[in-house]
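Work through the exercises below with the sequence and the model side by side, trying each task before reading its solution.

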Amino acid sequence: MPTLRVTKKFEFSAAHRAWREDRSPEENRRLFGRCASPNGDGHNFLLEVTVEGPVDPETGMVIDVGLLKRIVTAEVLDRFDHRHLNLDTEEFRTRVPTTEAIAVVIWERLEGRFPGDCRLVRVRLARDASTYVEYEGRRA
Amino acid sequence: MTPEVRVTRIVEFSAAHRLHSPRLSPEANRSVFGKCNNPNGHGHTYRLEATVAGPLDPETGLLPAASRLDAALAELVLARLDGANLDVDVPELADTSGTSEELARLLERLLAEAVGPALVRVVLHETPNNVFEASGGG
């Protein structure tokens, strides 16, 4: 059965701290660039969630985008929007919440949550106009 | 098992150019390139998207190739091309028609040399409506 991809876009605003206490300030600045700060900074993150599946012959839909919105709201926005990712989320108590790591955590929160044969195929997360990260669930 | 991600950086640079092939007659150049063959040139605000891929460093949560890409974009793209006349200031383009295909291919080669095989895609937007994509040493 032919499949189709559906993408829905979201936005959340959060603070994060890209800084490792076990590295020198110079090393932190080299690693994390503009985001390196012992006190953290923040962004309006743009999130694109893409799912793929067969088009239901009765409804003509891959997924009800209202349901897609409810799932992403519960799993991601309610947890991350207007929070400090290091201080307010379990996932980043010990991990550094880089844009890359946030995209992977969003994937892990969403994978397997969609009904029927609809599956998550891509998470795209933009930190600002000059950087975005894509994760499709691959591991090496 | 570490996650493999793609990181895309986007930069803009402003440059002048003219489309003119050294292998065509003046008449043929005017016919092929039209307004883009204006003898005194024209310019664009180019938008370049470069993508690197690989496993995340588990300690830093970063893709190491992304910092190599940042350095390469600053040195090889912004420092050389922003505010430049591509036909005059970029020797690698001297023998070309100055098309965005040729510029995209040059940028892909320069970035691949600096970043290595982690570079997977280079997309050059000449204008919001004209987009050129180079990947895999083309």
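**Exercise 1.** Determine how strand β1 (residues 3-16) of chain A is joined to strand β2 (residues 41-54) of chain A, and then follow β2(A) to β4(A).

Solution. Strands β1 and β2 of chain A run antiparallel and are joined by 14 bridges, where strands are DSSP runs of E of at least two residues, numbered from the N terminus, and two strands pair if DSSP finds at least two bridges between them. Within this pairing, A:K9 stands opposite A:E48 in β2(A). Next, β2(A) is joined by seven bridges to strand β4 (residues 119-128) of chain A, again in antiparallel fashion, and here A:V49 has A:V123 in β4(A) as its bridge partner.

The model is predicted, so local features need pLDDT of at least 70 and side-chain atom pairs count only at pLDDT 80 or more, whereas totals for chains, interfaces and linings use all residues. Residues are numbered from 1 along each chain as its sequence is written, while chains are lettered from A and ligands numbered from 1 in the order in which they are written.

Definitions and conventions
Helix = DSSP H or I, 4+ residues; strand = E, 2+ residues; numbered from the N terminus.
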